[in-house]
Amino acid sequence: MRHTQLLLLSSLAVVAVACAGAQSTRPVDGPATAADLLARALSRPLPRTLQGMSRLDSYVDGAARKVDVLIRLAAPDKVQFQALSPTMDLLAVLTTDGQRFVSYERGGRRCYIGRACPSNLARLVPMALPADQLVAAILGRPPLLPSAKRSLHWDEAKGAWRLHLGGAKDQDQQDVWVTPGDYRFVGSVVYRKGKRVASIAYGDLATGASTMPPRRLRLQAPGSKIDMSLELREVTVDEPIDGRDFAIPCPTGTLEVRLPCEASETAAAAGG
């Protein structure tokens with residue numbers, strides 16, 4: 001389970017979904033270079049906070065989970081998920097202030113703590129990313145491969161710009177789709193050795209100058225047997241959230257169990 005979640009750290013991808021009426025003709029006033037397109041897309045502001053109700057449907061290693069989730073995010077790296085029953089009773093909590101994570105289930109004897117590394121943060125929502133990338137991905141900005149080789153293309157079928165990251169001989173490569181006009185990230189695919197390793201689809205996008213994130217997000221990693229959908233239902237953005245709300249203690253009477261991070265995560269955190 002932890003191995004399959006960790007795979008997403010290096011291979012998270014977002015696949016574009018063509019919508020009806022998408023522009024098929026290359027815009028004459030579009031970006032001239034890949035760097036220009038990327039700069040325009042990254043310059044779009046994301047909300048600083050998000051909170052409200054969402055619906056999580058996930059299938060991981062053949063196990064299905066469908067649950068309502070109270071979600072709270074504060075950029076750059078604070079995240080909290082509260083899984084709720086149909087009667088809005090608390091079932092489980094996962095929270096991080098960007099450094100430390102805490103996770104427990106209602107009535108459970110153990111409370112799990114540790115560093116906010118990807119494998120620990122994926123205990124409730126199977127998106128194994130560092131906290132800051134997890135926040136950005138939910139808000140609509142996918143992780144990007146740090147490649148100096150970039151090329152710009154117009155995807156007529158999707159009616160969107162396609163940015164390719166990586167050279168022909170690179171093991172990992174990425175295609176990223178961006179809408180013309182308002183330059184929202186609508187999708188990307190990361191390939192490893194020529195094979196697609198994972199995908200996320202954003203849906204129900206806001207338009208114009210709105211900072212509202214995509215309402216729907218679907219992550220799939222066929223090789224890891226992960227298929228997850230997160231639907232933001234009743235949420236607000238840019239309302240103040242006290243940062244101390246993310247640094248909650250374990251419930252009284254529970255046994256604190258410290259979870260280690262994977263070796264590769266520890267090396268990455270140390271810069272090696």
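Student: In which strand is glycine 203 found in this predicted model?

Tutor: Glycine 203 is found in strand E11, which spans residues 195-203. Leaving aside neighbours within four places in sequence, glycine 203 is in contact with Pro214, Arg215 and Arg216. Its C-alpha atom is separated by 8.0 Å from that of valine 186, 17 residues apart along the chain.

Student: What makes phenylalanine 185 count as buried?

Tutor: Its relative accessibility is 6%, and the term buried applies under 20%; phenylalanine 185 therefore counts as buried. The residue has its place in strand E10 (residues 185-192). Beyond its neighbours within four places in sequence, its contacts include Leu38, Leu42, Pro142, Trp177 and Tyr202. The C-alpha atoms of phenylalanine 185 and arginine 44 are separated by 9.6 Å, at 141 residues apart along the chain.

Student: Why is the pair of tryptophan 154 and tryptophan 161 called edge-to-face?

Tutor: The ring centres are 5.0 Å apart, and rings pair within 6.5 Å. The planes stand at 75 degrees, where over 60 counts as edge-to-face; the pair is therefore edge-to-face. A search of the whole structure finds one aromatic pair, and both of these tryptophans are buried.

Student: How do you know that arginine 123 lies over the face of tyrosine 112?

Tutor: Arginine 123 is at 4.3 Å from the ring centre of tyrosine 112, and the distance limit is 6 Å. The term also requires a position within 35 degrees of the ring normal, and arginine 123 is assigned as lying over the face.

Student: Which residues touch the most other members of the largest nonpolar core?

Tutor: They are Leu50, Ile71, Leu73, Phe81, Met127 and Met228, in a core of 38 residues. Among the elements that each supply at least two residues of this core are strand E1 (49-60), strand E2 (63-74), helix H4 (131-139) and strand E13 (226-237). Leucine 50 is in contact with Ile71, Leu73, Leu139, Leu232 and Ile241, among others, leaving aside neighbours within four places in sequence. A second, separate core has 13 residues, including Ala34, Leu152, Trp154 and Leu165.

Student: What makes the contact of arginine 40 with aspartate 36 a salt bridge?

Tutor: The closest N and O atoms are 3.1 Å apart, and the term requires a distance within 4 Å; the pair therefore forms a salt bridge. Being four residues apart in helix H2 (residues 34-42), the two are separated by about one helical turn. Arginine 40, with a relative accessible area of 27%, is partly exposed, and aspartate 36, at 25%, also counts as partly exposed.

Student: Where in the protein is confidence lowest, and where is it highest?

Tutor: Confidence is lowest in helix H1 (residues 2-11), at a mean of 40, and highest in strand E14 (residues 255-258), at 96. Over residues 1-21 the pLDDT is below 50. For the protein, the mean pLDDT is 86, and 88% of residues reach 70 or more.

Methods:
Residues are numbered from 1 along each chain as its sequence is written. This is a predicted model: local features need pLDDT of at least 70, side-chain atom pairs count only at pLDDT 80 or more; totals for chains, interfaces and linings use all residues. Side-chain values use heavy atoms; hydrogens and water are left out. Rings of Phe, Tyr and Trp (its six-membered ring) pair if their centres lie within 6.5 Å; planes under 30 degrees apart count as stacked, over 60 as edge-to-face and the rest as tilted. Buried means under 20% relative accessible area, exposed over 50%, partly exposed in between (1.4 Å probe, protein chains only). Contact means heavy atoms within 4.5 Å. A nonpolar core is a set of buried Ala, Val, Leu, Ile, Met, Phe, Trp, Tyr and Cys residues joined through side-chain atoms within 4.5 Å. pLDDT is the predictor's confidence in each residue, from 0 to 100. A salt bridge is a side-chain nitrogen of Lys or Arg within 4 Å of a carboxyl oxygen of Asp or Glu.
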